[in-house]
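Colleague: I am new to this structure and would like to learn how to read its ligand sites. Please take me through them.

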Amino acid sequence: MRIVRVALDVPLSTLFDYYVAENMPVVAGQRVVVPFGHRQVVGVVMELAASSDFAATRIKEVVQVLNDVSPLPAEMLKLLRFCSDYYHHPVGMTVLSALPTRLRNPQAVVLKQALTYSLSDSGKALDLDQLPKRKQVQLRILRALQEGSLSAAQIKAISATAPAALKQLIEAGWVEAGEASAPCAKFTFNEEHRLTAEQQAAVDAVNRAQGFAAFLLHGITGSGKTEVYVHLLQQILQRGGQVLLLVPEINLTPQLEYYFRSRFPDTELVSLHSGLNEGERTQNWLLAQSGRARIILGTRLAVFTPLPNLALIIVDEEHDASFKQQDGLHYSARDVAIFRANARAVPIVLGSATPSLESYYNAKSGRYTLLKLTERASQLAQLPSVRCINISNELMPEGISQQLLSALGERLLRGEQSLVFINRRGYAPVLMCTACGWLSGCPNCAGKMVLHLKDRRLRCHHCGHQTRVPPACPSCGNADLQPVGIGTQRIETALQAHFPDARILRVDRDSTRNKGTWNAMRKQIQDEAVDILVGTQMLAKGHDFHNLTLVCVLSPDSALYSGDFRASEKLFAQLAQVSGRAGRGDKPGEVLVQTAFPEHPLFRALRAHDYDAWAATLLTEREQAGFPPFVYQVLLRCEGKQEAEVYEFMRQARSAATGLVMQVEVYGVVAAAMPRRANHIRVQLLVQSDARKSLQQFLRKWQPLLEAIPAKQLRWSVDVDPLEF
Ligand code: ADP
Ligand code: ZN
Ligand code: ZN
C-alpha cells in the first residue's frame with residue numbers, strides 16, 4: 001500500500017493521507033490532484049509512507065500526479081515546514097501560498113520558449129538615418145539588431161522603455177521573433193566604476209566566505225551599496241550560480257531591474273512581485289525554478305522561489321518593515337532568507353544605511369560580520385548638512401516656517417530641486433467644527449477621516465469609508481468647519497500660493513494611483529521639469545536625483561513620543577533615508593528639519609550622521625526596558641464585531657497561557673493601537689521570553705489550546721516577532 005501525505009490549502013495544521021495507485025509514480029514535492037470534501041483540489045506531496053493511522057476505508061485516492069513542473073526540492077519542503085512551524089501557521093496553507101496561483105490549479109503550466117529577435121527583410125532594408133530622431137529607443141534597438149539577433153533580456157537592457165518600442169517595431173514588420181536556439185552562453189559584465197577601497201574590502205570579505213556566513217553591509221546613503229551587489233553578482237554569475245536579491249518595494253523593482261540588466265546584458269533576470277499578472281509571475285517563477293534565470297529580483301514573496309543553483313542571497317534595505325507580511329503567514333522575508341542561506345550553506349548580505357536594531361545587534365555581538373561603507377562613493381558627492389529649525393515658538397498656519405520658505409526660495413533662484421517631506425497624504429488629517437469641537441471621526445473606526453480637498457471628500461485611511469465634505473457641522477449646524485493639521489495636498493497648495501511660478505509636483509499614493517504615473521513622474525524629476533517635490537515616504541527610498549540639493553522635513557515630532565517602541569527607530573531610518581536624497585550630485589546638499597525638540601538624541605545623531613551613536617542609545621533603552629532584540633515576542637491578535645465575545649476569547653486565551661506555567665511572561669489583554677477598525681473591535685495580548693526556544697516551546701503548547709476556544713464570529717492570529725502593535 002502506498003500512501004502520500006499531502007499539504008492542502010486548508011486551515012488545519014495537519015497533512016492529509018491519500019492512496020496512490022501502483023502504476024502512478026510519485027515523489028515528494030510533486031503536485032497532485034486529490035478529492036477533498038466535494039471538490040478536487042491541488043496539493044503538494046510532503047512525504048511518502050507505507051501505512052496510515054487512518055482507517056483504510058476513510059482514505060481516498062490521488063486522482064492525478066501533475067508532471068508539468070519538476071517537484072519542489074527537499075530544501076523548499078524543509079524551508080516551508082520551518083516557516084509553518086516557526087510562525088505557527090497551518091502547514092498546507094504555508095506550502096500552497098508559496099506557489100504562484102496558476103500552480104494551485106490542475107491546469108498544466110508550461111515554460112514558454114524564450115524568443116530571439118532579429119531584423120526582418122524590410123527591417124534590413126531600412127535607412128536608419130531617415131527615421132524620426134525622436135524615436136530614440138526604437139533606433140537604438142534597430143542599430144543593435146544590425147549587429148546580430150538579441151534575446152528579450154538583451155533588448156530590455158537597452159532602455160526601460162525597450163519592451164514597448166520592440167512591440168512597435170514588430171508591429172511595423174521590421175523586427176521578427178524566432179525561437180531561441182540555446183540560452184546565450186556569452187557573459188558580459190559592464191564595468192562602470194572602480195570600487196573604492198571600502199567597497200572592495202566588502203566584496204572581498206563576502207567572496208572569501210565558504211558556506212553559510214551572514215554579513216551586515218552598513219553603508220551610508222550614496223556609499224555605493226548597489227555597486228557592491230553588482231560586483232558580488234559578477235563573481236557568482238561567472239561561476240554559474242543564481243543570486244536572489246530581495247528588495248522591500250515593488251516601486252523600486254523596475255529601476256533596479258533595468259539597472260542590473262544594463263550591467264549584465266546577457267544574463268537572464270526575472271523579477272517576482274505582486275505587481276505582475278499571474279501569467280508573468282508563473283513564467284518568471286518557472287524560469288527561476290528551472291535554473292535559467294540567474295538573477296532573481298523580488299519582494300518578500302520571492303524568498304520562496306526554488307533555485308537549483310542558489311549561491312548568494314542579498315537583502316537590500318534590510319531594515320524595511322515591508323519584509324514582514326502582516327496577514328496569513330506572518331513571516332519576515334529577511335529572517336526566512338537567513339534560515340534559507342544557512343540551510344543551503346551560502347552567504348547572505350543584508351544591506352542598509354540604517355540597519356534594524358535586530359541585525360545591528362547581531363553584527364555587534366559577532367553573529368554577523370559587519371562591513372562598513374563610511375563615505376559616499378562618488379568623489380564629488382558629500383553627505384548633506386543637517387540642521388534643525390526650532391518651531392516651538394513659531395506660529396505656522398500652513399505648517400511651514402519662514403526659514404524653510406527662504407531656503408526653498410534660494411533653491412528656486414539657483415535652479416536646484418527641493419524635496420518637502422511629510423508622511424501624511426490628503427489635505428488635513430481631520431476636519432473640525434470651530435463652534436462645538438466636532439471632529440470628522442470615521443463611523444466604522446476609532447480613527448479620524450482625512451480631508452481630501454481636491455475632490456471635497458472625507459476619507460478614512462483605515463477602512464476606506466468616504467463621504468462628501470458636509471456643508472455644515474453634523475453635530476451643531478455651524479457652517480465654519482476648519483481643517484486641522486497638514487497633509488501633502490495642503491503643503492502643495494500653500495507652496496504654490498507662495499511660489500506661484502514654481503513647478504511643484506506632489507508624489508503620494510493618491511497622485512500615483514494609476515499604473516505608470518509614478519514612472520512618468522520620476523522621468524519628469526530626472527529631466528528637471530520639477531522645482532519642488534512634495535511627498536511621502538514614497539520619495540524617501542533609493543532614488544538618485546542629481547540636482548536635488550534641499551530636503552525639508554515638516555512634522556516628525558509625533559513619532560518621538562509614540563506608544564510604539566519602534567516608532568523612533570523607524571523615524572531615524574526614514575529621516576536618514578530622505579536626507580540621503582540631498583546632494584547626491586556634485587552640489588552640496590542641505591537638510592532642514594522642523595521640530596520642537598532639536599536637542600532630542602535622535603536629531604543630534606541625525607545631524608552628526610552618526611547611526612552608531614543612535615543605535616547605541618536605542619539598544620541601551622531597549623535592554624533596560626526589556627524590549628527586542630533583548631527579548632522575543634509573540635502577539636495574539638483578535639477581532640470581531642461583538643466586544644464581549646472578543647474579550648471572552650482573549651480572557652480564555654490568557655488563562656490558557658498562564659496555566660501553562662512556562663518560561664514566558666504573559667502580559668494583560670489590551671486594546672490595539674487602532675481599537676476599532678471597519679466596525680471590528682481589536683484586542684491583543686503580548687507574550688515574551690528572553691529565549692527564542694522557550695517562546696517556541698510555549699507556542700507549541702498554547703496553539704492547540706487556542707484552537708479549542710470557541711471563536712465562530714472572530715478572527716484571530718498569532719504573530720511571531722511582531723513589528724506592529
Ligand atoms: P547607496 O545604495 O549606497 O545609497 P548607490 O549604490 O545608489 O548608493 O550609489 C550612489 C552613487 O555612487 C551612484 O550614482 C553610483 O553610480 C555611484 N558610485 C557607486 N560606486 C562608485 C565608485 N566606486 N566610484 C564612483 N561612483 C560610484
Ligand atoms: Zn459643531
Ligand atoms: Zn474607517
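Modeller: The shell around ligand 1 holds 3 nonpolar, 9 polar and 5 charged residues. Here Ala, Val, Leu, Ile, Met, Phe, Trp, Tyr, Cys and Pro count as nonpolar, Asp, Glu, Lys and Arg as charged, and the others, Gly among them, as polar. This is a predicted model: local features need pLDDT of at least 70, side-chain atom pairs pLDDT 80 or more, while totals for chains, interfaces and linings use all residues. Residues are numbered from 1 along each chain as its sequence is written, ligands are numbered from 1 in the order in which they are written, and side-chain values use heavy atoms, without hydrogens and water.

Colleague: Which polar side-chain atoms lie 2.9 Å and 3.3 Å from an oxygen atom of ligand 1?

Modeller: A polar contact is a pair of N or O atoms within 3.5 Å. Thr 226 supplies the side-chain atom at 2.9 Å, and Arg 584 the one at 3.3 Å.

Colleague: What are the protein donors of the zinc ion (ligand 3)?

Modeller: Donors are N, O and S atoms within 2.8 Å of the metal (3.2 Å for Na, K and Ca). In this case they are the SG atoms of Cys 442, Cys 445, Cys 460 and Cys 463, 2.3 to 2.4 Å from the zinc ion. Their sequence spacing is C-x2-C-x14-C-x2-C.

Colleague: Why is the arrangement of the 4 donor atoms tetrahedral?

Modeller: Ideal angles are 109.5 degrees for four tetrahedral donors. Four donors count as tetrahedral if all angles lie between 85 and 135 degrees. The donor atoms around the zinc ion subtend angles of 105 to 114 degrees, so the arrangement is tetrahedral.

Colleague: Is Cys 445 buried or exposed?

Modeller: Buried means under 20% relative accessible area, exposed over 50%, partly exposed in between (1.4 Å probe, protein chains only). Cys 445 is buried at 3%, whereas Cys 463 is partly exposed at 28%.

How values were computed:
A polar contact is a pair of N or O atoms within 3.5 Å; within protein, one must be able to donate a hydrogen and the other to accept it, and residues adjacent in sequence count only if both atoms are side-chain atoms. Four donors count as tetrahedral if all angles lie between 85 and 135 degrees; four count as square planar and six as octahedral if opposite donors are over 155 degrees apart and all others between 65 and 115; anything else is irregular.
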